[in-house]
Amino acid sequence: GTRMGPGWPKPARRPPPLRDQGPHSMAAVAARFASPLARTARTWAPGLARDAAAATGTRMASGGHALPSKTDFCVVGGGIIGVAIARELAHRHPGASITLLEKESSVAQHASGRNSGVLHAGFYYSPESFKAKLTRAGNVFLHEYIEEKGLKINKCGKIVVARNEEEAAGIDELKRRGDANGVPLEKITAAEAEELEPLVRTHEVALWSPTTSAADPEEVTRSLARDAEEAGVTFIHDTRYVGGGAEGRVGNGCVVRTNHGTLEAGHLVNCAGLYADRVAHDFGFGKDLVMLPFKGLYMYCNSVPLTRLIYPVPDLRNPFLGVHFTVTVDGKVKIGPTAIPALWREQYGLLDNMDIGDMYTTLMTEAQLFVKAGFNFRELAFEEARKYYKPFMTKGASELVKGVTDASFGNYGRPGIRAQLLDKRTRTLVMDFHIEGDESSTHVLNAVSPAWTCSVPFAQHVCDTMKV
C-alpha cells in the first residue's frame, strides 16, 4: 500500500476580531480606511512583496512557502516525473526535508499536462528496454490509483490498424513484443475490429488492446502532488533554477541557485524536462546529449463518433507513434499528435516564449541533422511539417477511420512540446529512458512517452538507483 508520512501541521487559529468600542477604536479607524484604493493595494500586496524581496535579497516564493536555506533533497521540475519522485522520496525518507522547485505557478503545465492522456499498455517497446519493464506496471498502478482516488478515466481500449500488407506484418511484431512484456493483447480480423468500432479501417487484421485507457494527466499529477504534500514535500512555485553544479558543491551536496535566492541541497534530482540537459551540464553530466524539441498538435473532431482509440502501426525506428485518434476522458475525439521539429524549447505558438539563443542552438543542431543524421531526420521533418496543412492531416486520418473529411475537424487543441534527447556523438535519438548521476545529483534526461503512464514505477526505479 501507499505509505504516508507526517502531514502538514495545522495552522494556528486566528485571534478573534477586535470589538468596536467607539468611533476612535482600532476597528473603526481601520474600517474608515478600507477604501477601494486600500483594497486594491491589498490585492497587489503579494506581488509587491515579491518585487521588494527580489530587490532586497529576501527569500520569497509563491505558494505560501519561502525558499529554504537548506534541504535534504531538491527536486527541480513539477511535471509528473518530478512530482512522483518527490512523493517516493518522502515515503522512503520520512523526516527528510524535500523541496520541489517549479518555475510555473502550478504543476503539470508543460508536457505532463499537454499529452494525450493515454494510459499505454506497454506493447510498443522492445522487451529489454526500461520502457517495456515499467509501462505495464505503470498501467496497472494508475488504473488502481485513479479508481481509488475517484479521478476520471475512460476505459475505452485501443485498436491498432494496418493500412497495407507491410503494416499487417507489423501487427505480428507488436503482438510479439506485447507477449514478451506480459501485456494482454488479441490479434483480430478486420470484421472483429469493426464489431469493436464500426468506423475503423484496417487491412485484414488488427490488434486489440483492452487495457489501454484515457485519463486526465493534469488531474492525476495534481493528485500525486497532494500525496507528496501530505507526506511532507514542500512545493515552491514560480521559482526557476538558474544555476548550480560542481562549482557550488558543499561536501557531497550542492548549491542550487534560483531566481529567489540560493539553497544548499544534500542531493539534487533533475526532472527539468525540456531543460534537463542544461541542468545536467551544470553538474558535469550528459555533455554529449542535448534536447531536441518536437511540437505535438492535436485537432478536435466535430463529427466522428468513436468510442475506441485508433492507432496506426508505428515506424519502430522512431519513438513517435504516428497521428492517431484519441477519445479523451470526457469523450471528445481528436487526432494527433504531430512530431514537428520546433525552433526553440517552448515554441507552443508561432512566436510564444521566443528565446533567440535557444533558437540559434536548436536550428544549428537541426541543420547538422539535415546534412547528416543517424536516423531519418530529414524525411521525418518534411513529413511532419506537412501536417500543418489540414487536408494532409485529414488524408492520414481517413486511412484509419471511415467517413472522415475536412469538415470532420475543427479547432486545434493545446499544443505540447516533446523533450526528446539527442546523442550528438551518433546523431541519433535516445530511444529509452536515460538517467545519470553521482552522490550529489541525479539527472532524468529522457523521460518521454510513455513516461506519464509509468511515472510511479519509474520514480521507484530512480530512487532505487539514486546514490544516496
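The model is predicted: local features require pLDDT of at least 70 and side-chain atom pairs pLDDT 80 or more, whereas totals for chains, interfaces and linings use all residues. Residues are numbered from 1 along each chain as its sequence is written, and side-chain values use heavy atoms, with hydrogens and water left out.

Q: Why is His260 called buried?
A: Buried means under 20% relative accessible area, exposed means over 50%, and partly exposed lies in between (1.4 Å probe, protein chains only). His260 has a relative accessible area of 17%, and therefore counts as buried. His260 is placed in the loop between strand 11 (254-258) and strand 12 (261-270); helices (H or I, at least four residues) and strands (E, at least two) are DSSP runs numbered from the N terminus.

Q: What makes the pair of Asp238 and His260 a polar contact?
A: A polar contact is a pair of N or O atoms within 3.5 Å; within protein, one must be able to donate a hydrogen and the other to accept it, and residues adjacent in sequence count only if both atoms are side-chain atoms. The backbone oxygen of Asp238 is 3.0 Å from a polar atom of the His260 side chain, so the distance lies within the limit.

Q: Why is Thr221 classed as buried, and which residues does Thr221 touch?
A: The relative accessible area of Thr221, in helix 8 (residues 217-230), is 0%, so Thr221 is buried. Contact means heavy atoms within 4.5 Å. Not counting residues up to four places away in sequence, Thr221 touches Gly78, Gly79, Ile80, Val83, Val107, Ala108 and Ser112.

Q: What makes Asp288 and Arg425 a salt bridge?
A: A salt bridge is a side-chain nitrogen of Lys or Arg within 4 Å of a carboxyl oxygen of Asp or Glu. The closest N and O atoms of Asp288 and Arg425 are 3.7 Å apart, so the pair meets the rule. The pair links distant parts of the chain, 137 residues apart.

Q: Why do Asp288 and Arg425 fall into their accessibility classes?
A: Asp288 has 33% relative accessibility and so counts as partly exposed, whereas Arg425, with 60%, is therefore exposed.

Q: Why is the pair of Asp358 and Arg345 said to tie parts together?
A: Their side chains meet in a salt bridge (3.1 Å, N to O). Asp358 lies in helix 10 and Arg345 in the loop between strand 18 (340-341) and helix 10, so the pair joins parts that are 13 residues apart in sequence. Asp358 is buried because its relative accessibility is 2%, and Arg345 is buried because its value is 6%.

Q: What makes a nonpolar core, and which residues have the most contacts inside the largest one?
A: A nonpolar core is a set of buried Ala, Val, Leu, Ile, Met, Phe, Trp, Tyr and Cys residues joined through side-chain atoms within 4.5 Å. The largest has 43 residues, and those with the most contacts inside it are Phe123, Val160, Ile310, Phe325 and Ile335. Strand 7 gives the largest share of this core, four residues.
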